[in-house]
Amino acid sequence: MDDGTDILFDLLHFEIVNWTDRAHSEEKDKDKKDEDLSNLEYIGFSTGYRLIERLTKEMPRFKDELDTMKFICTDFWSAVYKKQIDNLKTNHNGVYVLQDNNFRFLSKMSNGKQYLEAAPKYVAFTCGIIRGSLSNLNIHCVVKAEVQSLPSCKFHIQIQRT
Amino acid sequence: MRSSVSYILSTNTSEPNMSHPDYDQISHDHAALLILIKHIGSQLKPKIFTKFYDRIIKLNDVKITDSSGQVRTIFVRYIKEHPVENNDWGDFQTHRRLIGLISIGKYDSQVELNEVCRVHESLKVKYNSTLYDSRCILFGPLKEIDSPVDRSSGSEESDTKQECNIEKFVSPSNFKTRALYYDEVAPCADLENQIVEFINALFWVLESKRLERSREKLERVSLLFAPFEKKDFIGLDMESRQNKKRCTGRMTKHLGDLCLQAGLIAESLQYYTNAVEILKSVNDWLWLGGAYEGLSAASALVLYPNLQRNESFHRIGSLPEGSPKKAALETISVTTVSKKSISNLLAPDEISKRYREAIIHYSKYQNAGIVETEASFKAARIAVEQNHALQAASFLQNVVYINLTLSEQEKIQRFETLAHIYMQIGFHRKAAFCLRLAATRYVSPQNPNPNWSKCYLLMLQSLSGHKLLLDPIEMLEADQGWPTLQIQILQDLIIAAKRAGYSALATRHMTFLLQTMGPYLNTEQKELAIQLQSLSVQCEGSPVPLVLESGIVVPPANLTDIPLCTSFVLKDLKPHLRPRTIDKEKKDTGPFLFTPIHFGSLDRNKPKTDSKMDFLWVENEVSEITVKLVNPLPFEFKVSNMRLLTSGVVFESVPETVILAPDMAATVSLSGWARESGELEITGYSTHALGVKSNCRLKYMKNQFPAYYKVNVIPSLPILEVATSLPQSASFSNFHDDSIVTSASLSLYHGESTQCTITLKNTSQIPIEMLEVSINTILEASLQNEIFQVDQEEVSLILPLLPEQSASFTVKLYGAANFLALNSAVSPSIPFELNSGGFNSLTTSLPGTSSFSRVNSSIRSSHSGQSSLVGGLTSFVQSATSSSSIEAQLKIRYSGGPGFGSQHCRISTVFFVVDLIPSIHVTNWDVLPAEKNDQFYLVLDVENLTTQEMELQYAECKRMIIEGQESCRVPVPVERCPLSKLSDFYEEPSQSKKLAEINRICSEHISNLVKLNWILNATDSCGIASVKGITLNSRMLDIVRMSPLEWEVKINGDIFGTEEDLVCEAGDCMELQMSVANSLETSLKDLTLAIQFYQDYDNGTLNYRMDTRLAISGSTKKLLSLLEPKNMANHRCNVVFFSPGIYKVDIQCYTPDNNATTSLVSAGHVWRFTPPISIQVK
Amino acid sequence: MAVCAAIVGKDNSPKYFCCINPDEELSYQYKVLSSLDIIEERLNPANKNASESKELFLGHLYSLETCKLYGYVTNTKIKLIIVVNAMNLTLKDNDIRSMFQKIHSEYADMVSNPFYIPGEPITSKLFDSTIKGIITGTV
């Protein structure tokens, strides 16, 4: 039941990636790659922070951190990426690894190692979304993404305890 | 939790009512013996009383062995006040009865002793109905007197064992109390024993009463009443089954109370449990409540033996709800039976339930309001102990609902107690709310004795619950509170402070309000600012902490943002006063340089505010800071006494005052003197605004300034005043250096010289020990040195220049210029022809006056680079035909005193503007052979570029007058350039650069010899023009320099001198004998010696066709294959002229065209015997 | 109909406050502020009894002589508080609950408003009128 709105999100996301990429290449003096990804990440953070308020509206109160993570893997992921996370691992000490075997933003790109180098640009926004969502749920963390072979992607969430 | 059937069971409100609630009660008090400790008489100081009181109350549990040998723990509660009405409830809860009395008094005389004893006795009468026993502690005067001690109640002699140095007067006969005599300053070692003995006595009375009661037949007991119940039972049939049960139930409960007090917890639990059953069945709610409460109290005593009154424990939020705050539950040592084996013991969560039920039952009786209130507090305290914050909160919430007619004081106490417990459970907001209510009660219209001071103190305590901290600086970092409420609370606090007469605090809090709540104040800000002004009239605000009697410290509040500082800039000194470091010889640090590497530190993201100034200030010299202030208030106000706040070296600040118009910015300059050298930190400024003195630190200001600005202060330096003898220039130029203190301007004709005297005055108190003068221009060094000359010797003689002394030195100025026309140098238009007719080529190429009209276009040739004058800056001196202006800086670097010691100096610059005006100009030149072989003529076309008549002395005794704007040609006799100057170049193979070098040497030779002295008669200006930079072509060079070949020509055997005129007859044979000598160090090869005759018709035509006019015997050419140095070659020939006329003989020596190997004697080079020999044939 | 509604941020500072009778706003602010203690306690993860309920609606917090306070905390720890007149017996828990849900919904929309920065006080006029409508029962 693809009515165009799903693909619209994909396309808009790709354009944002392109736009930040281009905006970055214009200011050449800062030739750090992290620099432009941090912009994307921030866009994601802000989006996630605002989005989560809506997505958790009907949810019962989360029992604990793991409960929250489960929500991210299921309801949240479904809402944003139309599928659930395929695998959730945790060391029960503040590290969670979310694996999506067919990550939406990479699925149309390649099946294997082609475009692997470009992959970070297409996961930065999602890292931000996760971090923003958790931040609004009072879980402060660092999110890193790992892509070894498209379109599979792993998100490492490291909780920061104060 | 209140029963909805409130009041239904007791409608009569006129019943006696326990009107004095005891909010401090805890459930453990149910088990305690109540003892009043009373301060009697006026002699005893409160401090001493408190000291002894504190000693006594430590004895709050006493172990007593009963008749059966069992050890019982007896608890004691000491109080200082006890309304006698409270005893009325003693039947309902026995622990409410006052059973012991200890009075403490002091006497110095018999009269006083009598009085003290009387008071004690009257107290006994007051509490007569409940009192078991009493003691009177008496402090007597220090005098040994053997007086009999009254033995009241005929008991032991223990009292005689007192320290015997107390004078004991005879106590009055009606004093029937055991008195304990002490010296108030002595250790009173047996006091504790005495009190324990007293408690023992009380216990035994209690125990006997308990036993008495317990032996009564339960069926026979009389009904026990709560005070208000008496009426209800009048006329009732006490024999009914219902009422009998009621009697039994109440008595059972009463026995429970007594057992609990007597240390028999297990028994009491049993009694209470039984009582509950009985009372429930008869719907005796009040007493059922009492039984529940007793049950809970007894259980709590077992479970929480360490529960204490009013401990300042604050709940740790992370502790799980319901876990007891004491880690281990200790069983009371007395109860030999372990907890579990105690039957009827309530579980922890049941205690709260029972209390809840009890409270509900109490609430049914309006007259039991105080019991209910107290029960609520007791329950809440247990909930606190159990760490059930919500439960505690609900018990406390209940308190508020209980409708009691209380005095204002009691209401206040109630709220304070509530606040205290709320604080314990971490409900800080709620606690603050209660404290505020308590505070307002102190000054409510109902309160007959309004107490603003207490109101203020409570308000102050309520601040923290509203996230208000007393320190404005901490407020910056604190959590955000509720601004609307915070503003309200602060305003209330200010009113309280004002009414209580704490003007300083009122000012302080108002300052705080304006300072911290600024962003939330809109229109109020103006009003508050006005209020502050009026408050500060009472007491001026100043930045010192205020300490209250209670020990609370109110930190200073500074108005850092009224006025608002928008810019804070440290000013460098004026350029000429700026200290500079004296350049030192750089030490060779070796190849290992230390480079600190800054790895990406975390504060990378912070905007780096440069707080360290890159300039220096000088000790004892005015330093300045510019502050831009904005008045945020809609009315004008004055900021006075603004000074800089500094740390580091001593700094003396000048107070400033500024009046700020509403919503306007103003710039204030704050200045002062550093009185030491070293590092100075500027941390802000102090103000006095709206009647408040504030220390406005940069780091706390709204605008994000760095915490401080740092500047280095160097030791004192002298100050020099500089003047010149020349007039100042009208305008300063755009030269970068701004250390200019004065200027000098002058005009010089090209070639003119003058002097300028620079006068220095040391205006400081420090001698000048170092002085360096240098000239700075953007000219090439050589040219600069030509124009400006400073005698360094003279400068060095000035030192030392003592304070208030003057000295001077001279600067010599010369109007240097290139006097040669550029475009005519080696003019290609000069013909090469042998018979070149004098100056004709010069006249054709003379630019004439047209050069004036195209001054600027003269640049076109500037790149020729042929003049050493024309360096990088061609526009200055490129042409003598145009005026130019030279800007120069005379830099005077000086130092002295301590600043010199720290390698600092100052620079004062004199700005020179020298206008160079064209004087004369050599538009063209050529060289001609002179009459003498060792001379030649430098022929110059000299143009007078001035408008005045000029006298030109171009050679010794040779003068010429040139009119303004006119030119004339002058021949200047010049010595030829000797070969010795050039000899180097004959030895090497020729190269073009060598040629240039020869050119240069010859040019220098000429310019050294040629000085064109000019005088402008009208103005007496005079100067010397040189032909420096003159360029020569190779033809000219041959003339200028001495020939390498020395000629000797003999005619008819006589040596021919060039000045001679030769005359001969046609047909005569003339012998020409010539010799060529090589005067070089090298040999010459392949020379051809040639003789040629010709006629010059003086019209430009030379006739070489001489066949018909003469005949030559001998060869006219001779090949010299090798001419060794110093050797001579000879040639001879004869000539016969056929017809008269003037003939010329050209004798020349040339190298072959194809031979390029020879040296400067380059291929095709021709040397002539000059001038040509002229022969007149008649 | 309720008399007052408040939105309190994660940091326990007010983000939005509306009172049907503006004159009473200050006194309601005190009451709402005091209720935060109870909310905090209810949310205390160590509090076994309270955290059993996973519902966002906390129900009745406490009562005063004149009013009753109800609480609701979103998953993002935004506290919503409604004050009801004590005399009002018509409003049942379910009515209050649905009122909260409406407010929460409005708040979620507010967070999606690009002009609103989460954590700042809410100043939108539309929001204010909508909330007033919700608590007066006209929406």
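Helix axes are here lines fitted to C-alpha atoms over the stretch in contact, and angles run from 0 to 180 degrees between N-to-C directions. The model is a predicted one, in which local features need pLDDT of at least 70 and side-chain atom pairs count only at pLDDT 80 or more, whereas totals for chains, interfaces and linings use all residues. Residues are numbered from 1 along each chain as its sequence is written, and chains are lettered from A and ligands numbered from 1 in the order in which they are written.

Helix H12 (residues 428-442) of chain B packs with helix H1 (residues 25-43) of chain C at an angle of about 140°, their axes being 6 Å apart; helices are DSSP runs of H or I with at least four residues, strands runs of E with at least two, both numbered from the N terminus. H12(B) and H1(C) are therefore oblique to each other, a term for angles that are not under 35 degrees (roughly parallel), over 145 (roughly antiparallel) or 65 to 115 (roughly perpendicular). On the H12(B) side, His428(B), Arg429(B), Lys430(B) and Phe433(B) meet Tyr30(C), Leu33(C), Ser34(C), Leu36(C) and Asp37(C) of H1(C).

Chain A also touches chain C, with 14 residues of chain A in contact with 15 residues of chain C, where contact requires C-beta atoms, placed from the backbone, within 7 Å. Helix H2 (residues 33-55) of chain A gives the largest share of chain A's side, five residues.

Chain B itself holds 27 helices and 46 strands. Among its contacts with a separation of 6 or more, 73% join residues 24 or more positions apart.

How values were computed: Two residues are in contact if their C-beta atoms, placed from the backbone, lie within 7 Å.
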